[in-house]
Amino acid sequence: MKTPFPIFKYFFISLFFSLPLLLLLLYSLQPNNHPTHPPRQDSLSDLRIRPGYTSYDSYIQRQLNKTLNPKLRQIWTTRDWDRKVRVFSSFFDDLKQKKLLFNQSKALCIGARVGQEVEALRRVGVSDSVGIDLVPCPPLVVEGDFHHQPFHDESFDFEFSNVFDHALFPDKFVGEIERTLKPGGVCVLHVAVSRRSDKYSANDLYSVKPLVRLFKKSEMVHVRKVDGFGLDTEVAFRKNKKTVIQRS
């Protein structure tokens, strides 16, 4: 009698070579195996810190490479000045119409470079305005690190920034805003959601959900699409007012 072993032998050999192809085919048919953007499971994964910084000093130096670039500073203070002041003024006028900004507001612009945002605030009537940046630009911008703002608690009614993407520690960036905002004060951020930011950015944002989670003492009160020099979304948060406990 002949043994069936050769039949089984050929069967297992065929299965050995065909199984990987079969598994590959099944995997390729799954609906989520070809993402068009980075995978996102929750709101935290919608905020990605860019790798490559070996220390905080190396991060600061990279930011200074842009801020101190003489060609850029020449552009910011000449060719770009009137155009950006005009556009920022339009943004701030709209925020005044929405009752998020007032002439009597004490305002701070975070990462203000040479102060275009500050000049715009002053032109629309918000005279008590100042900016901070790693490199000061008197009289509009004082020296300051937005991870460690050089101001007392509850100093400002309004804070604006379009450099959230440059924050290496977004939680500290937001924490300092909430520390220096007065109760009921408003923070407005211009961020990039639908497109990636420049090469000096330290993080990438894929939705506004991480911002909602980071602002632990505030409520989101406004969001809209804008065209803000490469940034596409405007988000406003109002810091919660202190609760007064009534004693009987």
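The model is a predicted one, and zero disulfides are found in the structure.

The protein comprises 248 residues, of which 45% are buried. Its secondary structure consists of seven helices and nine strands. Of the contacts between residues at least 6 apart in sequence, 66% join residues at least 24 apart.

Strand E5 spans residues 156–161, and five of its six residues are buried, so the strand is largely enclosed by the rest of the structure. E5 pairs with strand E2 (residues 107–110). The two strands run parallel and are joined by four bridges. Within this pairing, serine 161 of E5 is the bridge partner of isoleucine 110.

E5 also pairs with strand E6, which covers residues 181–191. The pairing is again in the parallel sense, with five bridges between E5 and E6. Here phenylalanine 156 has leucine 181, in E6, as its bridge partner. Helix H6 (residues 170–180) forms a β-α-β unit together with E5 and E6, and the unit is right-handed.

Note on methods
Residues numbered from 1 in each chain as written. Predicted model: local features only at pLDDT ≥ 70, side-chain atom pairs only at ≥ 80, totals over all residues. Heavy atoms only, no water. Disulfide = S-S within 2.5 Å. Buried < 20%, exposed > 50% of the residue type's maximum accessible area, 1.4 Å probe, protein only. Contact = heavy atoms within 4.5 Å. Pairing = 2+ DSSP bridges. Right-handed = clockwise from strand over helix to strand, strands pointing away.
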